[in-house]
Amino acid sequence: MPNALSTFFILTIDGVSYGMMLFLISVGLTITLGVMRVVNLTHSAFAMIGGFIALWLMQTTGMHFFAALPLSVVATMAISLAMERTLYQWVYKSNPLGQLLMTIGMTFVITALVKNLAGPQIQTITLPPSLIGQLSFGDMSISTYRLFVLGTSVAVAAALWLCLEYTTFGARLRAAVDNPRMARCVGINVALVFSVTFAIGCGLAALGGAVGTQMLPLEPYYGLKYLVLVLIVVAVGGLGSLKGSLYSALLLGFIDTMGRYYIPALGGFIIYLAVLAILLVRPRGLVGRAG
Amino acid sequence: MNTQSNRNLVVGAFRRQRYNLADVALVAAAILTLIFGEYYLALAAMVVIMAIFALSLDLAQGYGGVESLGHAAFFGVGAYAAALYALHVSSEPISGLLVGAIAAGLAGLLSGFAVLRTQGLTQLMLTLAVASLLYELANVAKSVTNGDDGLTGYDVDPVLGLFQFDIFGFTGFVYACVVLLLVYALLKKLVNASIGQTAQGIRENQTRMRMLGVPVERRLWLLYTISAAIAGIAGALSAQINRIVGLDSLAFTLSANVLVMLALGGPGRLYGAIFGAILFVLLSDRAAAIDPTNWLAVLGVVLILIVRYAPDGLAGLVSRTVGKRSAK
């Protein structure tokens, strides 16, 4: 018999795993928006690309889920790198409004391409048997899949943090962010650092998109449908702050899950109410920087 | 002699209000539609409604520099307000328009408080958050808005008690055109008056305008509220002419579409918004009938090319090429 407390605990796990998946999908946008100053409305489309590549690999080659995941991440990174080196070079020169329109244009093109290639239906990736079922802890049972999402995201977040704090690349990126001109002067190839960062961000989105299909199912309009969600995670976190993105993704995932369970009548409304309240109190987000 | 002075009078008035050839072409287009486009009047009314909506965004964005990724919020509020008014209070259309304008204006006034405190990216996110909030609110408050099904089954009385809405959409089109004309004239006055001029100054350099003693925040707030009210009028018109209001009137897609219209036409010059709306609605109607999926791809490519090669929109492109030619 699940009592109120264990229900709350299970919801917390659900909320946190949902939040961590949101973090994966949106963390790349935090970098492009806050660091490279590009309004990249195509970002959530990269999550969709990752999901569809994983799905395609599993369906056509019969590849295992755990093999398809890293492959789809690498493929998405390659695609995003190609786009960064060509289309985004135009975007950089434009103003925010131009960037917004151009990247929404890219989303339209990707949406149409995916619809032509994969069909208009909503799809989810079939989970391998090892991820189906529940793990029991005393009188509580928690979905294995949720724990997997949680574990993957925490591992990725930790790796990201370690990479930023303790590697040369991380130091270069931080330098390029804080003062691009100075970074260039000391011999850092800022454009290259940004390109690589952009590709990594898109790769993470792809991972989130592929892992999270049980929560955000795949469809051609994915890139537009969940764009708002991804944007508000970044805005609430504070543009350019990785830590902020983590906090806001967790908070919003938690609020959304709790809200939908305890106040079902309000459904998806609660999360937006929370967003507005947070942004009213802290217009620059939870961990906002000046400027 | 007499005709000459009459002519000067007309030309003088024309110049004073800064009307130009583009405005004449638009009026001519409306009249031609009425004469030759009898089978397309419903579509033409849609064009006019979207033109009003794009104008409202042009006021906020093209003139005031307030970036909005959620302008559908005001269109939707106006539409729902007008439909609810027609359902529960009165089916008189003109007062319905006013109700739509006031409701949307209030929404602009309130959300402007939050939105205008920020700039750039945060501002975009806030406008998006406001629109998403209203969308979810309309989705959740099913007892008032009917949720997914939308509001239908309300009557709209003849305009001014004289002109009954007909199945061909004749009255609807003329009604929308008259409203567009009034809105356009109002905006023309507004952007050439001191508020419009200072707004452009604020767009270019906020700090400088503040130094000059312009109450920047209050000016922008007023501008944003007016813009919201006009978007509300467009929404109310849509509710009255189409006899249905659904969640799509608050959707992100609509916000994105109106941005595209303005970008197509060219922001900051009023008629650009109208041209953009005409082009966008007509093209997407045709293309959606033929192949909606590939139309989306074409639209995307067009957007990318516009930003790359014609950042001021088509109006900017035209005036640049015309300017080049006359300079030669």
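Before you click anything, one definition: helices here are DSSP runs of H or I at least four residues long, and strands are E runs of at least two, both numbered from the N terminus. The expected span of a helix is 1.5 Å times one less than its number of residues.

This is a predicted model, where local features need pLDDT of at least 70, side-chain atom pairs count only at pLDDT 80 or more, and totals for chains, interfaces and linings use all residues. Residues are numbered from 1 along each chain as its sequence is written, chains are lettered from A and ligands numbered from 1 in the order in which they are written, and side-chain values use heavy atoms, with hydrogens and water left out.

**Stop one: helix α8, chain A**

Select residues 190-211 of chain A, which make up helix α8. At 1.5 Å a residue, its 22 residues should span 32 Å, and the end C-alpha atoms sit 31 Å apart, which agrees.

**Stop two: the hairpin**

Go to residues 134-137 and 140-143 of chain A, strands β1 and β2, which run antiparallel and are joined by four bridges. For two strands to pair, DSSP has to find at least two bridges between them. Pick Gln134(A) and look across to β2(A): its bridge partner is Ser143(A). Then click Gly138(A), which takes a positive phi near 60 degrees in this hairpin with two residues between the strands.

**Stop three: salt bridges**

Over all chains there are five salt bridges (a side-chain nitrogen of Lys or Arg within 4 Å of a carboxyl oxygen of Asp or Glu). Arg146(A) counts as buried, at 19% relative accessibility.

Next, select Asp256(A) and Arg260(A), with closest N and O atoms 3.1 Å apart. Where do they sit relative to each other in helix α11 (residues 242-262) of chain A? They are four residues apart, so about one helical turn separates them. Asp256(A) is buried at 5%, while Arg260(A) is partly exposed at 45%.

Last, hop to chain B for Asp285(B) and Arg286(B), a salt bridge at 3.7 Å between the closest N and O atoms. Asp285(B) is partly exposed at 30%, and Arg286(B) is partly exposed at 49%.

Note on methods:
Buried means under 20% relative accessible area, exposed over 50%, partly exposed in between (1.4 Å probe, protein chains only).
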